[in-house]
Amino acid sequence: MIVLGSTGSIGVNTLNVARKFNLDVEVLVAGTNIKLLNEQIKEFNPKKVVIAKKEHIKDVNHQNVFFGESAILDAIENSNSKTVVNALVGFLGLKPTLTAIKCGKKLALANKESLVVAGKFIDQTNLSAIDSEHFGLWYLLQNKKVDSMLITASGGSFRDYDLNDLKNVSIKEALKHPNWSMGNKITIDSATMTNKMFELLEAKWLFNTRKLDAIIETKSLIHALINFTDGSTTAHIANASMQLPIAYAILGKVEEPILKPVDLLDVASFEFKKIEENRYPIWQIKDEVLSNPDLGVILNAANEVAVSKFLNSQIGFLDVSKITLDAINKFNKPIINSIDDIYEIDKEVRNYCES
């Protein structure tokens, strides 16, 4: 297989699955964590390696190293691998997603932005989403009539903060997730609840429904729930590890232990909370975005700019959502008839938000 984003949390877990099931890794694609990449190269012996920056090529312990977006696309097009794991972060992941589909590869997709911005153009025939929430929904589906679907959120870094303190929180505080360690961008997206907006949009495309919502479950053990029309509800409960959805996405069928079962006596209780708009202002556009999923392009582009500004100390935490909401208000009727339209609108929104 090809692993895009091998040094991130999804990539590392993918390679854990590859190790467990003795899977071949043909191509590793990574960013700037060359130290970890070299460790992965030593263990998995890929035929080709692609990194983000040309200046780091000399530091990579491999004879076949390339850099940049075009090299990623070339690696997908000219590989023997039948599976591509796309764990790249951000809009950068869209072209690799489209290329993998065009090449007839099986796509294990962790790049949320692909479906968020271009869901209506993505052929899902050979696609499996790598996400605890969407995996949970898929796992629960039966041959019964579904009323609605729920996914859960952790609440992010500031779920228990006094609202008055949010205007002064630091980058360090924002990156301290209460339940686990993730990359910087997704941790900020979790804190603003934008990540959950992305996941609702993904679910809309994956399951062809707009009857979707999210709630906070503070222990991150319940990942998804389905309400059936007969009045019953089922919940997917599992210890938080991406290895479970990754294993199913790559292998299709799994019949041996991946995780330890949740000990409900040890858990003792669950706590659920409503996602409140005063704590998570982005939530006020949830219904609007689900009704007009083309807004996903604006949502993603504005958010990427805003998160980058926050992480570079240019704006405060509350400004992240303000920038996104302002962009949604300005570009609230996008006309998207092609992939080219997506790239044009993405560029226009970024320029607006940067200025």
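An open sheet of five strands runs in the order β11-β10-β8-β9-β12, and its pairing is mixed. The model is a predicted one, in which local features need pLDDT of at least 70 and side-chain atom pairs count only at pLDDT 80 or more, whereas totals for chains, interfaces and linings use all residues. Residues are numbered from 1 along each chain as its sequence is written, and side-chain values use heavy atoms, with hydrogens and water left out. Helices (H or I, at least four residues) and strands (E, at least two) are DSSP runs numbered from the N terminus, and two strands are said to pair if DSSP finds at least two bridges between them.

Strand β8 (residues 146–153) pairs with strand β10 (residues 222–228) in the antiparallel sense, over five bridges. Within this pairing, M149 has I226 of β10 as its bridge partner, and S148 has N227 of β10. Strand β8 is also joined by five bridges to strand β9 (residues 212–217), and these two run parallel; here the bridge partner of I151 is A214 in β9. Six of the eight residues of β8 are buried, so β8 is largely enclosed by the rest of the structure; buried means under 20% relative accessible area, exposed over 50%, and partly exposed in between, with a 1.4 Å probe and protein chains only.

Helix α6 (residues 132–140) packs on the sheet formed around β8 and β10, touching β8, β10 and β11, and its direction makes about 40° with that of β10. Contact here means heavy atoms within 4.5 Å, and axes are lines fitted to C-alpha atoms, for helices over the stretch in contact, with angles running from 0 to 180 degrees between N-to-C directions. Seven of the nine residues of α6 are buried, so this helix is largely enclosed by the rest of the structure. The buried residues are S132, E133, H134, F135, G136, L137 and L140, and what covers them includes β7 (127–129), β8, α9, β10, β11 and α10.

### The seven-stranded sheet and K48

A second open sheet is formed by seven strands in the order β4-β3-β2-β1-β5-β6-β7, with parallel pairing. Its edge strands, each pairing on one side only, are β4 (65–67) and β7, and the twist averages 15° from one strand to the next. Three bridges join β3 to β4, which run parallel, and V50 stands opposite F66 in β4.

K48 lies in strand β3 (residues 48–51), and it counts as buried because its relative accessibility is 17%. Apart from neighbours within four places in sequence, K48 is in contact with E26, V27, L28, H62, N64, F66, D74 and A75.

### Q40 in helix α2

Q40 lies in helix α2 (residues 34–44) and is buried, with a relative accessible area of 6%. Leaving aside neighbours within four places in sequence, Q40 is in contact with S6, T7, V12, L15, L28 and N45.

### Two helix pairs

Two packed helices are described by the angle between their axes and the distance between the axes.

| Helix pair | Axes come within | Crossing angle |
|---|---|---|
| α1 (residues 9–21) and α10 (residues 243–251) | 9 Å | roughly 60° |
| α8 (residues 184–192) and α9 (residues 194–207) | 5 Å | roughly 90° |

The crossing of roughly 60° makes α1 oblique to α10, where angles under 35 degrees count as roughly parallel, over 145 as roughly antiparallel, 65 to 115 as roughly perpendicular and the rest as oblique. In this pair I10, N13, T14, N16, V17 and F21 of α1 meet Q243, I246, A247, I250 and L251 of α10. The residues of the contact divide into seven nonpolar, four polar and no charged; Ala, Val, Leu, Ile, Met, Phe, Trp, Tyr, Cys and Pro count as nonpolar, Asp, Glu, Lys and Arg as charged, and the others, Gly among them, as polar.

Helices α8 and α9, whose axes cross at roughly 90°, are therefore roughly perpendicular to each other. Their contact is made by K185, I186, D189, S190 and T192 of α8 together with T194, N195 and F198 of α9, and these residues divide into two nonpolar, four polar and two charged.
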